[in-house]
Amino acid sequence: MLTILKTMVAQIDVLETMSPIEFLSFRSFLANASGFQSWQFRELEFLLGSKNPRAIERYAEGSAERAAIDRRFAAPTIWDSFLRFLASLGHPVPKELLARDVTQPIAEHAQLQEVLISIYRAQKPEASLCELLVDFDEGVQEWRYRHVKMVERTIGFKPGTGGSSGAEYLRTTLFRPFFPDLWAIRSRL
Ligand code: HEM
């Protein structure tokens, strides 16, 4: 999965060989088609815990895409599964986290951070799993950054074909980790 992500980031180099004028020569054919329509991207975000209920409305009720997104919205995130796994190994994961409403955003949790710090300090094998989650989290943020820069150099600050303000909107999605606790603990390790 991480290798796929790295490839997605690297292929942006190829798209960036296209000049703004070249892109403009076919942009009108896109009409209102946009990355906003990617249900796989929303599913990935939902799976990782970033669940914006407004994103669901973009998919027609009764469509296969809507069914997939609705299912993913209600399902536990990777973070929830990870916390259950830690609890199954005997780590004192706070009960309220194991029973949390999985449709809500993943917020920093001071008590959980103590658990994670003890895993790192004891160099438990679970720490490697934490690092893989950080790799993935960083990888998606890297993709978002490269995509915004590609958008800025190709269409500047023109609005997107999907109806957003374009680069201005995309910038608001930067530097927002999926797993905030794994980043918060690092200055204490
Ligand atoms: C020069 C090429 C590209 C331009 C100018 C561009 C532009 C944009 C813009 C302006 C948006 C904001 C939504 C909107 O209003 O349309 C957007 C969103 C998005 N684009 Fe692109 N894009 C390009 C290439 C790509 C590629 C190659 C991919 C995937 C492989 C991609 C995937 C996405 C996704 C998933 C979103 C939704 C992001 C989010 O909501 O956080 N885009 N794109």
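A polar contact here is a pair of N or O atoms within 3.5 Å; within protein, one must be able to donate a hydrogen and the other to accept it, and residues adjacent in sequence count only if both atoms are side-chain atoms. This is a predicted model, where local features need pLDDT of at least 70 and side-chain atom pairs count only at pLDDT 80 or more, while totals for chains, interfaces and linings use all residues. Residues are numbered from 1 along each chain as its sequence is written, and side-chain values use heavy atoms, with hydrogens and water left out.

**View 1. The whole protein, before zooming in.** The protein has 12 helices and zero strands (DSSP runs numbered from the N terminus: H or I of at least four residues for helices, E of at least two for strands). Along its principal axes, the C-alpha trace spans about 60 × 40 × 25 Å. Of the 189 residues, 39% are buried (under 20% relative accessible area; exposed is over 50% and partly exposed in between, with a 1.4 Å probe and protein chains only).

View 2. H147 itself belongs to helix α10, residues 126–155.

View 3. Look for S34 here: a polar atom of its side chain sits 2.8 Å from an oxygen atom of the ligand. For Y169, an N or O atom in the side chain is 2.8 Å from a ligand oxygen. R144 also has a polar side-chain atom 3.3 Å from an oxygen atom of the ligand.

View 4. The ligand takes up the space of the largest pocket. On a 1 Å grid over the protein atoms alone, a pocket is an open set of points with protein on both sides within 12 Å along at least five of seven lines, whereas a cavity is a set where a 1.4 Å probe fits but cannot get out; lining residues have an atom within 4 Å of a point. A molecule sits in one of these if more than half of its atoms lie within 2 Å of its grid points. Two or more shell residues come from each of α4 (39–48), α10 and α11 (167–171), and α10 has the largest share, with six. There are 22 residues around the ligand, and S34, R42, H147, S164 and Y169 come nearest (near means a heavy atom within 4 Å). By type, the shell holds nine nonpolar, 11 polar and two charged residues (nonpolar: Ala, Val, Leu, Ile, Met, Phe, Trp, Tyr, Cys and Pro; charged: Asp, Glu, Lys and Arg; polar: the others, Gly among them).

View 5. E43 is part of helix α4. Is this residue buried or exposed? E43 counts as buried because its relative accessibility is 14%. Its side chain makes a polar contact with the side chain of R72, at 3.0 Å.

**View 6. P180 meets I106.** P180 is in helix α12, residues 180–184, and counts as buried at 13% relative accessibility. P180 and I106 are 74 residues apart in sequence, yet their C-alpha atoms are 7.7 Å apart in space.
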